[in-house]
Amino acid sequence: MDSPVLNQLFRRLFRHPACQQSLRQPPSSISRQTRTFLTRRTPTKRKSQGDGLLWTKRGDYPKNIDEEYWSYPTVTAKDLRNRRERPRQVKMLTREFIDDSLYNPHYGYFSKHATIFSPGEPFDFNTIEDGPAFHRLLGQRYTEFEDLLDEKKPDIARQLWHTPTELFRPYYGETIARYLVSNYKLTLYPYHDLIIYEMGAGNGTMMLNILDFIRDTDYEVYQRTKYKIIEISPALADLQTKNLLDTLNAKGHRDRVEIINRSIFDWDTYVHSPCFFLALEVFDNFAHDTVRFNTRTELPQQGGVLIDADCEFHEYYNTQLDPVAARFLRVRQAASRRPFPSPLGPWYLRGIRSAPPFRKEFSLPEYIPTRLMQFFDVLNQYFPAHRLVASDFSSLPDAVPGLNAPVVQTRYQRRTVPVTTPFVHQGYFDIFFPTDFNVVEDVYRAVTGKLTQVMSHEDFVDRWAYVEDTETRNGENPLLTWYKNASMLMTV
Ligand SMILES: C[S@@+](CC[C@H](N)C(=O)[O-])C[C@H]1O[C@@H](n2cnc3c(N)ncnc32)[C@H](O)[C@@H]1O
């Protein structure tokens, strides 16, 4: 057991108060959420001299970091890729810290603890009594799945996700396939092949379900179908290749499939052909930057974290925005077709809020989706004829404080432990964000010049699924009701 690391993890956990259950975890009947023993400490703020640097020190660590701030180098997640040790004596922008924490190949969360739940046999919804009975059954399968994993390789900090692709397989995959084939036939067939890219394919289940569906319903289209997965996680890419190889061979799909183990942000191949680009529950792990605003001047400051010699984290804010964050704010301002939320609150209340006794010097942080904007750059530059089909959470309960803020949680001995800051021991925490589909749609349009449609997950499924497949005996339909806080963004 990795006990020094766990000690350190829990030292950090003790510093941050717990919040409530969030979404990517199993429903509450499966994993009970406990409020833990953690206590809240009020952070103090201190202003330094110099170029407007401000830092927030943790309440229990009375250390001035001015000197370190000036002497430590600023590093990126890319700089740390080949390092096996977590960094110290460095500064990082928030997005770089989150990227490193999630994706570092040696200690990153994706390389160590992330596992996607698979129910084994698909659920036979028509024979299940009702929603609660489905919950119970899912709970059982969840435990069995984890028991099996523990037999092979125990992991007290394992993270287990469940996604609609897995819970509702093969029906959710068939729903997406129906959308793809209809749109392909309407606009591209017979002049182009059906080329599907899937970014972040998890266990590869969506790919199998889509290919099965196309083969069984439209063999002519199937013969012209190619499916390419772009997967950042070596472990998941390996699983997709190894575990699926037999299935793919047995089903005759092998020649249609390519699995590319690479981050989409390292993509460098120009794809001129029209293609569909699937991104299902991938945006939520794309790193964000933090900005906060001076309540008097309304000017932004960008957030980062300084990691000192003892691996302690100190948040800081700087009045100088880096080019990526500055561009996001500019693009959003120029592209938005409607007012977007601000941590300063609605404009008509700002006068009151900035007057004593309500006045606070700075707003809460806002988390801005800078990596997502960069993903749109990749689509625009390398996939000019793509059509995006993306789905993700539109809101998340129990996020850390701030606007558009993430849920940060770990799992310890099968229990979820949420915390209140993303600046926690790298690699042990899932950090996932809601997507503001209104803002993101406008930014996507501005970057790619394409037209789009946003709809709720429920409306999409209602339109493209055979909903009777996922109906329980009493008429409830978990495929429609379970993902109320998810939406879809499609290029039209
Ligand atoms: C929550 S899982 C979703 C899996 C699958 N789409 C599903 O719905 O079951 C997120 C997936 O995205 C992958 N991923 C995250 N960031 C990525 C990136 N920058 N490039 C490629 N894949 C990425 C993860 O490794 C994982 O497979």
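Colleague: In what order do the three strands of the open antiparallel sheet stand?

Modeller: This is a predicted model, in which local features need pLDDT of at least 70 and side-chain atom pairs count only at pLDDT 80 or more, while totals for chains, interfaces and linings use all residues. Residues are numbered from 1 along each chain as its sequence is written. Strands (E, at least two residues) and helices (H or I, at least four) are DSSP runs numbered from the N terminus, and two strands pair if DSSP finds at least two bridges between them. With antiparallel pairing, the three strands take the order β16-β15-β17.

Colleague: Which are the edge strands, and what is the average twist from one strand to the next?

Modeller: An edge strand here pairs on one side only, as β16 (415-419) and β17 (430-432) do. From one strand to the next, the average is 30°.

Colleague: Which residues of β16 and β17 stand opposite Gln409?

Modeller: Strand β15 (residues 407-412) runs antiparallel to β17, with three bridges between them, and pairs with β16 over five bridges. On the β17 side, Val407 faces Phe432. Gln409 stands opposite Pro418 in β16 and, in β17, opposite Asp430.

Colleague: Which residue in the turn of the β15-β16 hairpin has a positive phi?

Modeller: Two residues lie between β15 and β16 in this hairpin. The one with a positive phi, about 45°, is Gln413.

Colleague: Why is β15 largely enclosed by the rest of the structure?

Modeller: A residue is buried if 20 or more other C-beta atoms lie within 10 Å of its own, exposed if 12 or fewer, and partly exposed in between, with C-beta atoms placed from the backbone. β15 is largely enclosed because its buried residues number five of the six.

Colleague: Which strands stand at the edges of the seven-stranded sheet, and how much are neighbouring strands turned against each other on average?

Modeller: This open sheet has mixed pairing and the order β8-β7-β6-β9-β14-β19-β18. Each edge strand has a single partner, so one side is left without a neighbour in the sheet; these strands are β8 and β18 (452-456).

Colleague: Which residue of β19 is the bridge partner of Ser391?

Modeller: Strand β14 (residues 386-393) pairs with strand β19 (residues 486-491) through five bridges in the antiparallel sense. The partner of Ser391 is Met488.

Colleague: Which residue is the bridge partner of Ile230 in β8?

Modeller: β7 runs parallel to strand β6 (residues 194-199), with six bridges between them, and Ile196 is opposite Tyr227 there. Five bridges link β7 to strand β8 (residues 257-261), also in the parallel sense. Five of the seven residues of β7 are buried, so the strand is largely enclosed by the rest of the structure. In β8, Ile230 has as its partner Ile260.

Colleague: At what angle to β7 does α9 run?

Modeller: Helix α9 (residues 205-217) has 13 residues and spans 18 Å from first to last C-alpha, close to the expected 18 Å, the expected span being 1.5 Å times one less than the number of residues. Its buried residues include Met206, Leu208, Ile210 and Phe213. The helix lies across β6, β7, β8 and β9 (275-280), and its angle to β7 is about 175°.

Colleague: Is Gln381 buried or partly exposed?

Modeller: Gln381 belongs to helix α14 (residues 370-382). Its C-alpha atom is 8.7 Å from that of Thr448, 67 residues away along the chain. Because it has 13 C-beta neighbours inside 10 Å, Gln381 counts as partly exposed.

Colleague: What share of the chain's residues counts as buried?

Modeller: The chain contains 17 helices and 19 strands. Of its 492 residues, the buried share is 42%.

How values were computed. Axes fitted to C-alpha atoms, helices over the stretch in contact; angles between N-to-C directions. Contact = placed C-beta atoms within 7 Å.
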